[in-house]
Amino acid sequence: MFSCCNLKMPDETIRRRKGNDSTVQSETKGDSAEDEEMSSSGESEEDENLPPPVPPVEPPLHEVGIVEAPDWPTGISEIQERDYGLALPKRLFAIGPMVALAIIFYVGTVTVYMHTMWWPLATIGSFIHFFIFLSWNYATLNNFILAAKVGGGYVPKKWKIDPEVEIKGDISKRLQWCRICDGYKPPRSHHCSKCGRCVLKMDHHCLWINNCVGHRNHAFFVRFLIAAIIGCAHATIILGMSIYHAIHIGWYLRFGDGTDPIIEMTITSLLVTVAALALALGVTVALSALLLFQARYIRNNKTGVEEYIFDKARSRMKEEKYRGTIFVYPYEIGWRRNIAEVLANFKGKQSGNGVWWPIRGDCTQFTFSEEQLRQKKLKRSHARFVRITKSSRGGYCGAIRAAPIACICQPLSDQPRMEIKEGETWIVTGGNKRWLYGFKQGSDAKGWLPRSCTEFLPERPHLE
Ligand SMILES: [Zn+2]
Ligand SMILES: [Zn+2]
């Protein structure tokens, strides 16, 4: 199908503007904070004569239109599409899925038992109500298993763009390279350190399904959240009513009209039911918060990772006073299409092939990857050498002796807390007040190290 001719890129333009006068500017501007610092005295005079920089106005979608996903080959064969990494039993045999399944079964079983006492299955209404509750259980379990089994979808190792696709420019400047998978990352893919693979349109690695949430299972994951929230809210009502009737059994026996449910509970069964109620309520609240985040991401056609990169792009542009490369988020194609991209298919199958996407007319398939490369370059230019002044063991509690305050104020990240030894030299590329993020010189493993166990060295590393 693609062999008749080389596949051409649509007309591509990388949008660059300088301030309000739209002058083209070198992409390397702002690559080095040091360069900026060094040249800042010269720029400040210029700045005085310029109007204050204002963020450029993004043209509305109806003006630029939507460019549908090109029909280029994905470079992923049908066999590779079914590469789930682990067989389902192995995937589920981990702490997260075991706890999640235990909660589903526990709340489900206790609620079913209580339902038979609170509203005995003697009427059609009771049967219908009971069936509705069981349906939530089925939907929760089914979507949970599918989300865990299918995963986000792995990018094959050594992935590269099909040679039939003709790409303008140097591809290494348009797509990110994954050293671990030894291949390019397709647009919107990210490497998951837990899975050890690049994942298509990765949203996050979910501890509960012991797998990534991404292109192939995003709909299953969202359906699981919706079913679990409704199911647990329903269970909360049934369990709450059952406990209420059990506590007031004396009143119902004395003053009831004979139609009220009579529920007898021992201390043990009361405790078991209260525990189920607490779990059901807790799950409803926690998953509702997660679903709200997911709803916002899906509405904007973003993943959790893309939201983070988008925020960084905005702060980069602000730092560059809007005189560097202007980034426009390419996948925002109107809220209806945004939602349909993830949730429109009844069977839970994603629209699109996970590699090429419908985009805004003023962007290209590589707009997002190019922004990631830009941010990476900027991050590397900020890299610093540090010497370890105090040893610290790795892990979440490893810094308790060497840096107790840092140990309490953990960074909001699931990247590893590294073991460090006095005298070692590390290269750090980021951090916060208490922690630095980086890697040991000569090693690839990245993670967090307590800032108070380090001292900055005057020399700066030159990273490739
Ligand atoms: Zn990778
Ligand atoms: Zn993962």
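Biologist: In which sense, left-handed or right-handed, does helix 5 pass helix 7?

Modeller: A crossing is left-handed if the near helix is turned anticlockwise from the far one by less than a right angle, and right-handed if clockwise; here helix 5 passes helix 7 in a left-handed crossing. Helices (H or I, at least four residues) and strands (E, at least two) are DSSP runs, numbered from the N terminus. This is a predicted model, in which local features need pLDDT of at least 70 and side-chain atom pairs count only at pLDDT 80 or more, while totals for chains, interfaces and linings use all residues. Residues are numbered from 1 along each chain as its sequence is written, with chains lettered from A and ligands numbered from 1 in the order in which they are written.

Biologist: Which residues of helix 5 and helix 7 meet?

Modeller: Contact is judged on C-beta atoms, placed from the backbone, that lie within 7 Å. On the helix 5 side V107, V110 and T111 are among the residues that meet helix 7, whose own contributors include C232, A235 and I238.

Biologist: In what order do the strands of the open sheet lie?

Modeller: Strands pair if DSSP finds at least two bridges between them. Five strands make up this open sheet, in the order 14-13-12-11-15, with antiparallel pairing. Strand 14 (446–450) and strand 15 (454–456) are at the edges with a single partner strand each, so one side of each has no neighbour in the sheet.

Biologist: How many bridges join strand 11 to strand 12?

Modeller: Four bridges join strand 11 (residues 384–388) to strand 12 (residues 425–431), and the two run antiparallel; R384 stands opposite V428 in strand 12.

Conventions
Contact = placed C-beta atoms within 7 Å.
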